[in-house]
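Please read these notes with the structure open beside you.

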Amino acid sequence: MIVDDDDDDAFLIEELIQEGLTHPSPTLNRAKSQKEALQMLETTSYDIGICDYRLGEGDGIGLLRTLRSKNITLPIIVLTGQGDQEIAVEAMKSGATDYLTKGKLNCEALTKSITHAIQLHQEAERRIHTEEMLKKSHQELTVAHKELQESLNKLTTAKNQILRSEKLAGVGRLAAGVCHEILNPLNIISGYSQTLQMERQDDLALQEDLGSISEEIHRIEKIVSGLLKFSRKRDVDLKHAGINEELESVLSIVEGEMGIEGIEVVREFAPDLPKPLLDTDRMRQVFLNIINNAKYAMQDGGKLTVRTQTVDSENSSHFTGSTPEEMKKTLKISFIDTGSGIKKEHLDQIFDPFFTTKPEDKGTGLGLSVCYSIIEKHSGTLEAESDGANGTTFVIELPLNQKQEKEDFSPQLNPL
Ligand SMILES: Nc1ncnc2c1ncn2[C@@H]1O[C@H](COP(=O)(O)OP(=O)(O)OP(=O)(O)O)[C@@H](O)[C@H]1O
Ligand SMILES: [Mg+2]
């Protein structure tokens, strides 16, 4: 594209170009003004523009600036008058690819400048394209890296859950055996102790000792029955039931006492939840265990929020749902307390049987391991979050849309 308002000059430039560039010979269009040049650029794409500095209205630099401000990268050679050094510098600053002095214009200089400018432009375009490709690859790599990291996190969670399940399964098997061994001699001790209590009613000191013995026997019985509950096999009796109703039945029992101890109970129940498959007795036991722990952690009062909602689960890979779509929907139950929190180093241990931070007569450390094994038998997950100071959140996720006949719950994880 030649932009020149002078017919003779334009003719000369056309001549020189046609003389110098023959293979292939170029198509030349001429614009007489800045305005016309802009109009032509709207409809046609050019390899290069040769623009006189002096145009009727405005000048070549004005045209250059307009083009660059519109992000038009067309290479432009500006033709300046004799001794217009300052204009040449200004043209280059404004984005010209080259400049030539009009008075000294000859075929060789013009051809060289045009070829060079087109080459420069092509290289710049290639560089921009490569940079864009690189940027795109980098973005793709970042996304892939993020996805890998997420998969790794999920794998780590799954691995921890399998390890925990295996550990609990091992402890469960051991516990079942030990419980039976303990219960037999315990019954005999209890029998002798009761006989002695009847026979030696006159010996008050002995009666006191025997009282202590039966208290301790009672304690052992409590631990053993807890262990048996934990180690029992597939003892879940599943039917579709409303989670809000089950929570309500537990909360209504404990709420009064919690109120006296200065604990506010807040229900954030989502309405119209789908009904998961539940063993209602066992699930109430889980709720009670978690609520009692929260209560213990809020001895100076506080707030317990119980929330129910459906979510697209991140843990869906653990669930044995019917179709991938169905696997995704889970029921989330959160117990959020404002109690003492759980120390970071304890978070990994709280589901272990017998792990407790409570005094001997206050806790056996079996509550959460029983909860974990019950939730696992519902093909769900139980997790705890705490920063160690500002309360604790226990989250249960239960699969939804499971078919009732699906009774085989995670057999490989649950060999109890
Ligand atoms: N909401 C909570 N806030 C702070 N710590 C908690 C909470 N829930 C559980 N813990 C910690 O986890 C430990 C284990 O809890 P778990 O219910 O298994 O046993 P326990 O409550 O100590 O005894 P029990 O067998 O009587 O339930 C507790 O001793 C406590 O340290
Ligand atoms: Mg407990």
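1. Strand β1 (residues 2-3) runs parallel to β3, joined by two bridges. Within this pairing, V3 has C51 of β3 as its bridge partner. Strands are DSSP runs of E with at least two residues, helices are runs of H or I with at least four, and both are numbered from the N terminus. Two strands count as paired if DSSP finds at least two bridges between them.

2. This is a predicted model, in which local features need pLDDT of at least 70 and side-chain atom pairs count only at pLDDT 80 or more, while totals for chains, interfaces and linings use all residues. Residues are numbered from 1 along each chain as its sequence is written, and chains are lettered from A and ligands numbered from 1 in the order in which they are written.

3. β3 also pairs with strand β4 (residues 76-80), in the parallel sense and over four bridges. Here D52 stands opposite L79 of β4. Between β3 and β4 the chain passes through helix α3 (residues 60-69), in a right-handed β-α-β crossover (with the strands pointing away from the viewer, the path from the first strand over the helix to the second runs clockwise).

4. Which residues of β3 point the same way as each other? In strand β3 (residues 49-52), G49 and C51 point one way, I50 and D52 the other. In a regular strand, side chains alternate between the two faces of the sheet. All four of G49, I50, C51 and D52 are buried (20 or more other C-beta atoms within 10 Å of their own, with C-beta atoms placed from the backbone).

5. Around ligand 1 there are 21 residues, the closest being N293, A297, T356, G363 and G367 (near means a C-beta atom, placed from the backbone, within 6 Å). Helices α8 (280-297) and α11 (367-377) are the elements that give two or more residues to this shell, and α8 gives the most, with four.

Definitions and conventions
Buried ≥ 20, exposed ≤ 12 C-beta atoms within 10 Å, placed from the backbone.
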